Amino acid sequence: MPKPTRIGLAGLAVMGQNLALNIADKGFPISVYNRTTSKVDETVERAKQEGNLPVYGFHDPASFVQSIQKPRVIIMLVKAGAPVDQTIKALSVYMEKGDCIVDGGNEWYENTERREKQVASMGLLYLGMGVSGGEEGARRGPSLMPGGSFEAYRYIEDILLKVAAQVPDSGPCVTYIGKGGSGNFVKMVHNGIEYGDMQLIAEAYDVLKSVGKLSNDELHQVFSEWNKGELLSFLIEITADIFGIKDDKGNGYLVDKVLDKTGMKGTGKWTVQQAAELSIAAPTIASSLDSRFLSGLKEERVQAAIAFKSIGVSDILSDQAVDKQKLIDDVRQALYASKICSYAQGMNLIRAKSIEKGWGLKLGELARIWKGGCIIRAVFLDRIKKAYARNPDLANLLVDPEFAKEITDRQSAWRRVVTLAINSGVSTPGMSSSLAYFDTYRRERLPANLVQAQRDYFGAHTYERTDMPGSFHTEWFKIARQSKL
């Protein structure tokens with residue numbers, strides 16, 4: 001038998017293949033296995049073509065597990081849910097006490113915690129590791145979010161530090177996140193923030209196209225320009241690319257031929273559900289989810305457009321000329337201010353969960369590992385890292401002095417964009433709900449006093465007072481009835 005390999009990887013869809021090749025590329029011999037064996041041969045062939053990388057393929061679980069040096073570490077990259085349990089079952093039979101399983105999929109965090117307990121009874125260690133960066137990231141350097149057994153993390157820290165994306169001023173985009181399912185939870189919220197980011201960018205596009213009448217060529221230039229400043233990020237970069245790509249199956253640009261129905265896998269929905277469970281307002285992320293739901297109603301929207309054709313879109317303001325350059329600048333500022341709100345909501349959700357579970361998560365460190373490799377990577381994350389370095393107990397990103405100033409400077413442009421969109425019949429749920437979040441958060445007094453009075457009126461839920469301590473109940477109904485007599 002050849003010398004044992006350093007690590008194993010099971011599950012060779014594109015992400016699995018790319019991560020295996022990345023690990024081998026960094027000098028770690030790796031064993032690979034897949035239930036459909038043709039994928040094993042395909043991966044080994046790719047390894048040969050991409051520089052004779054040390055990738056060793058196995059067609060059965062027993063020889064795969066036995067080929068790895070002890071204590072064995074096996075990364076699984078299979079579909080979340082039942083396939084993970086089946087893979088654990090198939091592999092754990094051949095594993096020994098002290099070996100470790102790492103789940104690199106987008107798994108629900110409680111499933112990871114259940115599995116960690118389950119494999120512990122066999123003497124095995126377990127990590128749930130969020131992997132972000134898509135296919136390209138997996139091959140060239142992803143952002144990695146491992147949570148679970150710290151002992152298991154120490155086994156593979158040397159590999160992860162080399163495999164992760166490398167950011168010149170802040171190091172490899174990986175850190176031990178925390179206990180239990182914290183790695184999966186952080187990756188889930190990362191995806192929720194990603195939903196918000198994508199929605200806000202889509203709204204910026206819609207306003208510029210529908211109200212500003214920008215062509216795809218102009219949009220390509222605008223987004224390319226934006227990607228040189230405060231909005232410099234992976235998502236802005238790929239958006240600029242998309243506007244420049246012509247249709248290979250017909251005339252015009254490809255983006256105009258893409259059906260306006262957005263798919264989803266579930267992590268955005270989980271984020272919003274968790275926010276509700278923890279009483280954390282996350283309206284930007286929630287509105288992005290609602291927008292995906294509504295996009296799915298294509299046939300209904302076609303009918304609704306006929307029913308309301310007299311209203312139209314952006315015809316409402318057709319008598320007013322739009323100053324393109326001013327609009328582009330305003331939309332850039334509105335996008336940036338809204339983005340701050342979206343990240344504030346995501347970070348608040350992570351902190352609330354960390355407190356509930358006793359995970360002790362460090363928000364600044366999460367911002368650091370998201371600076372490279374992942375889908376939401378952006379120059380902006382460095383500002384977030386610094387905000388938490390200035391004050392680790394920051395109640396909300398909005399009140400960090402630097403972010404507060406940035407929002408204050410941009411709020412007029414933000415309001416102009418939202419108002420223009422509303423008056424033009426163009427929906428901007430992400431930007432509007434971000435603005436509402438900001439305007440609600442910064443007000444000392446809200447109309448919630450009336451809602452609480454209503455609750456006490458019909459349900460005797462009691463209320464507190466502004467001028468004295470204690471809990472009060474008033475017989476509103478009786479007083480109101482007497483005054484009507």
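**Cavities and pockets**

A: In the largest cavity, helix H8 gives the most to the lining, with three residues. Keep in mind that this is a predicted model, where local features need pLDDT of at least 70 and side-chain atom pairs count only at pLDDT 80 or more, while totals for chains, interfaces and linings use all residues. Residues are numbered from 1 along each chain as its sequence is written, and side-chain values use heavy atoms, with hydrogens and water left out.

Q: What counts as a cavity or a pocket here, and what is a lining residue?
A: On a 1 Å grid over the protein atoms alone, a cavity is a set of points where a 1.4 Å probe fits but cannot get out; a pocket is an open set with protein on both sides within 12 Å along at least five of seven lines; and lining residues have an atom within 4 Å of a point.

Q: How many cavities of 30 Å³ or more are there?
A: Two. The largest has a volume of about 50 Å³, where volume means the space filled by probe spheres set on the points, joined across faces, edges and corners.

Q: Which residues line the largest cavity?
A: Among them are Asp-197, Leu-200 and Ile-201, along with Leu-335 and Lys-339. Helices H8 (182-211), H10 (234-243) and H14 (324-357) each give two or more residues; helices (H or I, at least four residues) and strands (E, at least two) are DSSP runs, numbered from the N terminus.

Q: And the second largest cavity, what's around it?
A: Its lining includes Gly-105, Asn-106, Lys-187 and Trp-270. By class there are two nonpolar, five polar and two charged residues; Ala, Val, Leu, Ile, Met, Phe, Trp, Tyr, Cys and Pro count as nonpolar, Asp, Glu, Lys and Arg as charged, and the others, Gly among them, as polar.

Q: OK, switching to pockets. How much space lies in the largest one?
A: About 1800 Å³. It is lined by 42 residues, and Ala-202, Tyr-205, Asp-206, Asp-260 and Thr-262 lie nearest its centre. H8 supplies the largest share of that lining, ten residues.

Q: Which residues lie nearest the centre of the second largest pocket?
A: Met-15, Asn-106, Lys-187, Asn-191 and Lys-265, out of 29 lining residues. That pocket has a volume of about 980 Å³, and H8 again brings the largest share of the lining, with five residues.
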